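Subject: The model you asked to look at

Hi,

Here is the structure I promised to pass on. Please have it open while you read, and my notes follow below it.

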Amino acid sequence: MIKCRENHTFENWAKTLTFKPQNFCQPKTEQDVIDIVKAARAAGTCVRVQGAERSHSWSQFTVTRDTLVNLDKLNKPLIADVLKKRYTFQAGIRLKDLVKVLALVNLGLRNTGSILEQSIAGAISTGTHGTGLRLGNLATQIVRMRIVTGTGAIKEITENEMPLLNAARVNFGALGIVTEVTVQCVENYNLEFSAYWCKFEDIIDKLDTLNAENERVRIWWFPKPLFGIKHDVVLTTMNPPNTPRGMLDQFTDLTAEESNTLSESSLPLDIGVLFNALLELAADPNDQVLLSRFTGNYIDALTLLLIPILHRECEYAVPVDKAREALLRFRNVLDEGDFNTTLPVEVRFVAKDDSLLSPA
């Protein structure tokens, strides 16, 4: 029987949520999970689960006075099926470790979010997504799961049971504890990352065009313009190399040809490039500019450094055809309420899916 800890204090990474469960358990095997659930059931207490310790979440779903289960030690790669481009993992493996394992057999994730600190179970269970209107969230890449239910039984769900799989992929821990997942992968690939600086008005009426011309679009909108310059949007695209730039081809290119290949020391938004852009914009504030461009592995193109600033976030999902209206109305709220935010408003796009609790 696994030994759980007492007197454990849970604190999420942003230090916005703190509580003390009676028991804190870190199972190493599926049998450990079964034993934990059965013991809690016999005692008439509850079990809640977190994917990664130092949880990257602001939600209170994990708060409990009873048993908290953390999956960090249930983190092994299990079976590679390279011919089918599938890989089975224990559910607690962090995404940052999962992608390294996939790369060893020349596989990758079809899409991922901006950070890789989450466990695969936590990421899919909460509907975590990247950006790309024709690309689903991480949960859509799962083709098989094993779950320990609330009675301590094992439930294996495959793509042959799509109604059940659609219920289990995004589950917020409500159906039990995920112990294994099989991920449908793709061949490892490169993307071209491009970062543009422009004004809110330059893109607000062109969201459909941007999504049609680019595989992935991400918008950072700074409601209070940086340094007093009225360029308040950083627009990034992540496309297969040699994708035509469409409407973005008209932007003034501030990048040097020799810096278009990612090096180990480079960053997507280099401070020197940003400073030069400021000078350019000060001289001609009507410019729309290309700040940065590189081609590299999809992980380098899609992910960002974890912001060290303690902060809260909230996220809303709206139909894509209402995105323009939602942003304009939110700008009115900011203007009329004298409300401000230090961090940008981030706008991403995701394909619709059939997972019952998915925001998409």
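To start with something to look up in the viewer: is N7 buried or exposed? With a relative accessible area of 71%, N7 is exposed. The cut-offs here are under 20% relative accessible area for buried, over 50% for exposed, and partly exposed in between, with a 1.4 Å probe and protein chains only.

**What you are looking at**

This is a predicted model, so to say: local features need pLDDT of at least 70, side-chain atom pairs count only at pLDDT 80 or more, and totals for chains, interfaces and linings use all residues. Residues are numbered from 1 along each chain as its sequence is written, and side-chain values use heavy atoms, with hydrogens and water left out.

The mean pLDDT of the protein chain (pLDDT being the predictor's confidence in each residue, from 0 to 100) is 89, and 88% of the residues reach 70 or more. Residues 258-267 are the stretch to treat with care: pLDDT stays under 50 there. The model has 12 contacts for this stretch beyond four places in sequence, a contact being heavy atoms within 4.5 Å. Where pLDDT is low, the predicted coordinates should not be read in detail.

**The chain as a whole**

The protein chain has 9 helices and 18 strands. Both are DSSP runs numbered from the N terminus: H or I over at least four residues for helices, E over at least two for strands. Of the 360 residues, 47% are buried. Among contacts between residues at least 6 apart in sequence, 71% join residues at least 24 apart. The chain exposes about 18,200 Å², and carbon and sulfur atoms supply 52% of that area (Shrake-Rupley method with a 1.4 Å probe; for residues, only the protein chains shown count as cover).

**An open sheet with helices against it**

An open sheet is formed by 5 strands in the order β6-β7-β11-β9-β10, with antiparallel pairing. Strands count as paired if DSSP finds at least two bridges between them. At the edges are β6 (77-81) and β10 (154-158), each of which pairs on one side only. From one strand to the next, the twist averages 10°.

Helix α2 (residues 95-104) packs on this sheet and touches β6 and β7, its direction making about 145° with that of β7. Helix α4 (residues 162-169) lies across β9 (142-148) and β10, and runs at about 70° to β9. For these angles, axes are lines fitted to C-alpha atoms, for helices over the stretch in contact, and angles run from 0 to 180 degrees between N-to-C directions.

Within the sheet, β7 (residues 86-90) and β11 (residues 177-184) pair in the antiparallel sense over 5 bridges. There, Y87 stands opposite V183 in β11.

**A covered strand**

How many of the residues of β15 (residues 233-239) are buried? The count is 7 of 7. In a regular strand the side chains alternate between the two faces of the sheet. In β15 both faces are covered: V233, L235, T237 and N239 are buried on one side, and V234, T236 and M238 on the other.

Strand β13 (residues 190-198) pairs with β15 in the antiparallel sense over 7 bridges, and M238 is the bridge partner of F193. Strand β14 (residues 217-221) also pairs antiparallel with β15, over 5 bridges, with W220 opposite V234.

**Cysteines**

The disulfide count comes to 1, where a disulfide is a pair of cysteine sulfur atoms within 2.5 Å. C4 is joined to C25, with S to S at 2.0 Å. The torsion about their S-S bond is about 110°, so the disulfide is right-handed. The pair links distant parts of the chain, 21 residues apart: C4 sits in the segment before β1 (10-11), and C25 in strand β3 (residues 23-25).

C25 counts as buried, at 1% relative accessibility. C198 is buried too, at 0%, whereas C314 is exposed at 64%.

**Two backbone details**

N7 lies in the segment before β1 and has a positive phi of about 60° although it is not a glycine. K85, in the loop between β6 and β7, has a positive phi of about 55° and is not a glycine either. K85 is partly exposed, with a relative accessible area of 31%.

Happy browsing, and do write back with any questions!
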